[in-house]
Amino acid sequence: MNWVIENLPLIGQRTLEHLALSIPPIVLSFVLSVPLGWVANRYRLSRGVLLTVLGLLYAIPSLPLLIVLPIILGTGARDSINVVVALTLYGIALMVRTTSDALGSVSSDISQSATAMGFSPWTRFWKVDLPLAGPVLLAGIRVVAVSTVSLVTVGAVLGIKSLGLLFTDGLQRNIVAEVLAGMVATIALALLIDAALVLLGRLLMPWARATRTSSTRRSRLTAEAAAS
Amino acid sequence: MIEFRQVSKRFPDGTLAVEDFSLVIPSRKTTVFVGSSGCGKTTILRMINRMIDRTSGSIEIDGEDIVGLDKVKLRRRIGYVMQNSGLLPHRKVVDNVATVPLLNGVAKKEAHARALELLDTVGLDRSLANRYPSQLSGGQQQRVGVARGLAADPNILLMDEPFGAVDPLVRAELQHELIRLQRELDKTVVFVTHDIDEAFLLGDQVVILQKGGVIVQKGSPTEILTAPANDFVADFIGATKGKRALHIDRRDGRDVVLDSEGRAAGVLVEGSTGTGEEVPT
């Protein structure tokens with residue numbers, strides 16, 4: 001406990017570094033999954049191939065990936081870009097299937113009526129399909145967020161600064177409190193980001209709480225199935 | 001006026017949904033397409049706003065072939081009301097009603113003011129304006145759907161079984177509301193239903209369809225009732241039985257109207273001629 005009190009500034013700094021490494025992959029995997037998920041949902045042929053290939057990304061072990069990426073990207077071994085790229089790939093692996101399912105869950109009645117009103121396909125996507133996919137997308141990005149925060153720690157093995165350094169340092173110097181502090185801070189950070197996403201969802205989708213129709217219940221089930 | 005000339009529609013899977021369909025839909029009247037499922041009535045309706053494109057033939061609105069028109073712009077000037085309302089669940093009632101004006105670039109404030117007026121028009125309380133569609137009853141949602149269809153003040157209103165999913169009491173209420181609205185607004189209404197009673201109640205022109213969009217008979221409700229074109233029509237409208245085959249029996253000095261089963265349907269009232277319009281039920 002003494003170690004924690006004496007090293008609060010260090011824990012704080014590592015937490016901020018951890019956050020800085022977590023946010024870009026979460027945002028990037030969300031943004032990149034939208035067009036990929038759209039293609040997967042739109043064209044039946046691409047769906048199987050795309051979702052399988054991207055899903056397999058998640059099977060690549062993280063440590064080797066972090067070692068190989070600098071060679072492919074030409075970055076330094078300790079460059080944080082490696083972590084961001086690797087975690088974005090994992091995020092996409094999780095998120096594309098959810099995005100595709102989310103877009104697929106929008107009721108065809110609503111899509112058709114939007115078309116009949118005179119929404120162009122482009123406007124309809126942004127103003128109808130994507131917002132209505134929102135609750136399922138949120139469920140998906142929450143999984144990505146928690147997974148990302150946890151995976152950032154792996155970079156510590158290569159010396160990339162994050163809360164993970166508290167694990168490696170604590171192990172080497174045999175300070176149990178340091179390892180525990182790293183774990184608690186990582187979990188707390190994950191919970192914090194998760195709570196922020198839920199809050200963001202409520203702000204952006206006030207209708208979702210008012211709407212408890214069978215279609216959203218159905219899509220929620222899809223999201224849970226995709227997330228598990 | 002909407003004119004179909006030898007219109008056919010073959011879907012990509014090879015089904016011929018509509019074959020050689022020709023019809024003139026007069027302006028400012030209600031035309032009802034009625035028929036069983038799969039007769040092509042919805043396909044015909046959706047060809048008017050090019051939700052479905054015809055395979056051959058031509059469709060003209062006021063003499064202008066719609067094939068040359070931009071689909072999106074065409075749809076914005078044709079009102080559309082469907083079953084299950086099709087309201088956007090993520091938008092408040094007022095935004096739903098204002099959908100088309102907003103798409104057309106009308107300022108939000110102006111569009112909302114007009115939307116509130118339309119809620120009055122369709123008999124909805126303005127306090128519902130800030131609710132989400134899911135917080136409304138089925139009947140209220142359909143009214144919002146009608147208000148949305150009218151928002152851009154279109155000449156043409158397409159209605160695809162709009163009252164099919166609500167309970168009979170609410171349906172009757174909505175039907176009479178539509179009759180009142182039509183009297184006030186004078187739109188060209190094209191209405192699709194599988195309910196012959198609804199067709200006779202609402203239609204100035206009723207078009208009875210068979211599989212493939214084949215017109216079995218068209219005319220005013222009176223014309224069809226008094227002279228069914230064939231056995232199919234007679235059977236479809238139930239001309240030979242129940243409440244459509246009424247006869248008069250004199251009892252206790254009064255003329256009692258009986259149905260085909262001999263059950264009393266009403267009494268004849270002296271001097272009551274109504275408006276001369278057909279009221280079959």
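Biologist: How many residues of chain A are in contact with chain B, and how many residues of chain B take part?

Modeller: This is a predicted model, and in it 20 residues of chain A are in contact with 18 residues of chain B, where a contact requires C-beta atoms within 7 Å. Helix H6 (108-117), H7 and helix H10 (206-210) of chain A each supply at least two residues of the side that touches chain B, and H6(A) has the largest share, with 8 residues. By class, that side of chain A divides into 11 nonpolar, 7 polar and 2 charged residues.

Biologist: Which residues of H6(A) are buried, and what do they pack against?

Modeller: The buried residues in H6(A) are A:Ile110, A:Ser113, A:Ala114, A:Thr115, A:Ala116 and A:Met117, a word that asks for 20 or more other C-beta atoms within 10 Å. They pack against H7 of chain A and, in chain B, against helix H2 (71-76), strand S6 (78-82) and helix H4 (99-103). Just after H6(A) comes A:Gly118, with a positive phi of about 110°.

Biologist: Why is H7(A) called roughly antiparallel to H9(A)?

Modeller: The axes of helix H7 (residues 121-152) of chain A and H9(A) come within 9 Å and cross at roughly 165°. Angles over 145 degrees count as roughly antiparallel, and therefore H7(A) is described as roughly antiparallel to H9(A). The crossing of H7(A) past H9(A) is right-handed. On the H7(A) side the contact includes A:Gly134, A:Leu138, A:Ile141 and A:Arg142, and on the H9(A) side it includes A:Thr186, A:Leu189, A:Ala190 and A:Asp194. The residues of this contact divide into 10 nonpolar, 4 polar and 2 charged.

Biologist: At what angle do the axes of H4(A) and H5(A) cross, and which residues meet there?

Modeller: The axes of helix H4 (residues 62-73) of chain A and H5(A) cross at roughly 115° and come within 9 Å, and H4(A) passes H5(A) in a right-handed crossing. Among the residues that meet are A:Leu65, A:Leu66, A:Leu69 and A:Pro70 in H4(A), and A:Ile81, A:Val83 and A:Val85 in H5(A). This contact has 9 nonpolar, 2 polar and no charged residues.

Biologist: What makes up the secondary structure of chain A, and how much of the chain is buried?

Modeller: Chain A comes to 11 helices and 0 strands, and buried residues make up 40% of its 228 residues. Its C-alpha atoms fill a box of roughly 65 × 40 × 25 Å along the principal axes. Of the contacts in chain A with a separation of 6 or more, 72% are between residues 24 or more positions apart.

Biologist: How many residues does the largest nonpolar core have, and which of them have the most contacts inside it?

Modeller: The largest nonpolar core has 117 residues, and those with the most contacts inside it are B:Val97, B:Ala147, B:Ala151, B:Leu158 and B:Val190. Helix H5 (residues 80-104) of chain A gives the most to this core, with 14 residues. Leaving aside neighbours within four places in sequence, the contacts of B:Val190 include B:Ile25, B:Leu45, B:Ile48, B:Ile156 and B:Met159.

Biologist: Why is B:Gly212 called partly exposed?

Modeller: B:Gly212 has 17 other C-beta atoms within 10 Å, and so it is partly exposed, since buried would need 20 or more and exposed 12 or fewer. The loop that holds B:Gly212 lies between strand S9 (205-210) and strand S10 (214-219) of chain B. Not counting residues up to four places away in sequence, B:Gly212 touches B:Leu16, B:Val18, B:Glu19 and B:Gly40.

How values were computed:
Residues numbered from 1 in each chain as written. Chains lettered and ligands numbered in written order. Predicted model: local features only at pLDDT ≥ 70, side-chain atom pairs only at ≥ 80, totals over all residues. Helix = DSSP H or I, 4+ residues; strand = E, 2+ residues; numbered from the N terminus. Contact = placed C-beta atoms within 7 Å. Core = buried A, V, L, I, M, F, W, Y, C linked by C-beta atoms within 7 Å. Axes fitted to C-alpha atoms, helices over the stretch in contact; angles between N-to-C directions. Parallel < 35°, antiparallel > 145°, perpendicular 65-115°, else oblique. Left-handed = near helix turned anticlockwise from the far one by under 90°. Nonpolar A, V, L, I, M, F, W, Y, C, P; charged D, E, K, R; others polar.
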